[in-house]
Amino acid sequence: MRAGVMLPRDLAAAEIVPFARRAEELGFGEVWVVEDLGFHGGIAQAATVLAVTSRIRVGIGILPAGARNVAFTAMELATLANVHPGRLVAGIGHGVPGWMRQVGAWPESALTLFAEYARALTGLLRGERVRVEGRYVRLAEAGLESPPEAVPPVLAGVRGPKSLAVAGAELDGVILAEPAPAKYIAAARRILPPHARVVAFEHAVVDPDADAARARVRPLLAGIGGQSLSAHVEPLPFAAELRELRARHPDDQSFAAALPGEWVDALTLAGPAESVRSRTGGLGADSVVMIPVGRDRLAALEALASAL
């Protein structure tokens, strides 16, 4: 299991390089960048982090399929893979529906677009000439003049069983967004083929005081009872109780405050270093990417490193 850290989406541009360099110095195996609407571009961040580090693997989680022509995505990824062989992990997905609608890029069938995109992207990165006459993806013998010698893994940032099945058939694995409890990871693995790589994103706080650590992650769980995160919740043994609690507390703040401590522990990595280390290893993911919590991100990063 590889331990990684996420480069926070709202980190100031001037702080990206110091954060990435320190993550490598502290011994993290991976650093992941995200492409959330209105923040920093995923490819630009990945290129920057790869250029200022020498060892750490850099993941992009994720590039929304509707936002870029697949041939141009392949060109960008191939360039990064050729300049920094063996250090890139690419992630693609549907994108957040609200954001994609905001920019006019949400398709009538997100699953169809994703399947066509995934198949074309992997073909292009393997150096194939790709011809597609799909519903959304159309390529006329398109190809890369300099395909990567070491093809980077391409993972899917998806949630539902149909999308997981497509990812298992077309790509190298999946990225499971936060919260990614062990039961959710196990449920996803039952859909995926045995070789599929699973990367789990997790809110993480290391603090000697377990209750103080839980208090810092509780606000981040306010949406856990909503429909968009139902796939994360259904495999949990307390799923029915969680939905009942959500019904009794329609206010996000009161709902988060009412979550029992053991539920918070199941949904996050929060607590003393040894506890976080043990729970990280027991999640069942191939890579666990810790999302630092707190205003001082470098201090949070230093604390997380104590759980490696």
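A polar contact is a pair of N or O atoms within 3.5 Å; within protein, one atom must be able to donate a hydrogen and the other to accept it, and residues adjacent in sequence count only if both atoms are side-chain atoms. The model is predicted, so local features need pLDDT of at least 70 and side-chain atom pairs count only at pLDDT 80 or more, while totals for chains, interfaces and linings use all residues. Residues are numbered from 1 along each chain as its sequence is written, and side-chain values use heavy atoms, with hydrogens and water left out. Helices (H or I, at least four residues) and strands (E, at least two) are DSSP runs, numbered from the N terminus.

**Helix H14**

- Arg 297, Ala 300, Leu 301, Leu 304 and Ala 305 are buried in helix H14, residues 297–305. Buried means under 20% relative accessible area, exposed over 50%, and partly exposed in between (1.4 Å probe, protein chains only).
- These residues lie on the same side of H14, because they cover an arc of only 140 degrees around the axis. The arc is that of the directions from the helix axis to the C-beta atoms.
- Strand S1 (2–6), helix H1 (13–25), strand S10 (197–206) and strand S12 (287–292) are among the elements that cover the buried residues of H14. Contact here means heavy atoms within 4.5 Å.

**Nonpolar cores**

- A nonpolar core is a set of buried Ala, Val, Leu, Ile, Met, Phe, Trp, Tyr and Cys residues joined through side-chain atoms within 4.5 Å.
- The largest nonpolar core has 73 residues, and Phe 28, Ile 92 and Leu 176 touch the most other members. Helix H5 (residues 110–125) gives the most to this core, with nine residues.
- Leaving aside neighbours within four places in sequence, the contacts of Ile 92 include Phe 114, Tyr 117, Ala 118 and Leu 121, and also Val 154 and Leu 171.
- A second, separate core of 19 residues includes Ala 213, Ile 224, Ala 239 and Leu 245.

**Salt bridges**

- The structure holds 18 salt bridges. A salt bridge is a side-chain nitrogen of Lys or Arg within 4 Å of a carboxyl oxygen of Asp or Glu.
- Glu 25 pairs with Arg 22 in a salt bridge, with the closest N and O atoms 3.0 Å apart. Both residues lie in helix H1, three residues apart, about one turn of the helix. Glu 25 is exposed at 57% relative accessible area, and Arg 22 is partly exposed at 26%.
- Arg 68 forms a salt bridge with Glu 35, with the closest N and O atoms 2.6 Å apart. Arg 68 lies in the loop between strand S4 (63–64) and helix H3 (70–83), and Glu 35 in the loop between strand S2 (30–33) and helix H2 (42–52), so the pair ties together parts that are 33 residues apart in sequence.
- Arg 214 and Asp 265 form a salt bridge through their side chains, at 2.9 Å from N to O. Arg 214 is in helix H8 (residues 210–217) and Asp 265 in helix H12, so this pair links parts that are 51 residues apart in sequence.

**Thr 268**

- Thr 268 lies in the loop between helix H12 (261–267) and strand S11 (269–271), and is buried, with a relative accessible area of 2%.
- A polar atom of the Thr 268 side chain lies 2.8 Å from the backbone oxygen of Val 264.
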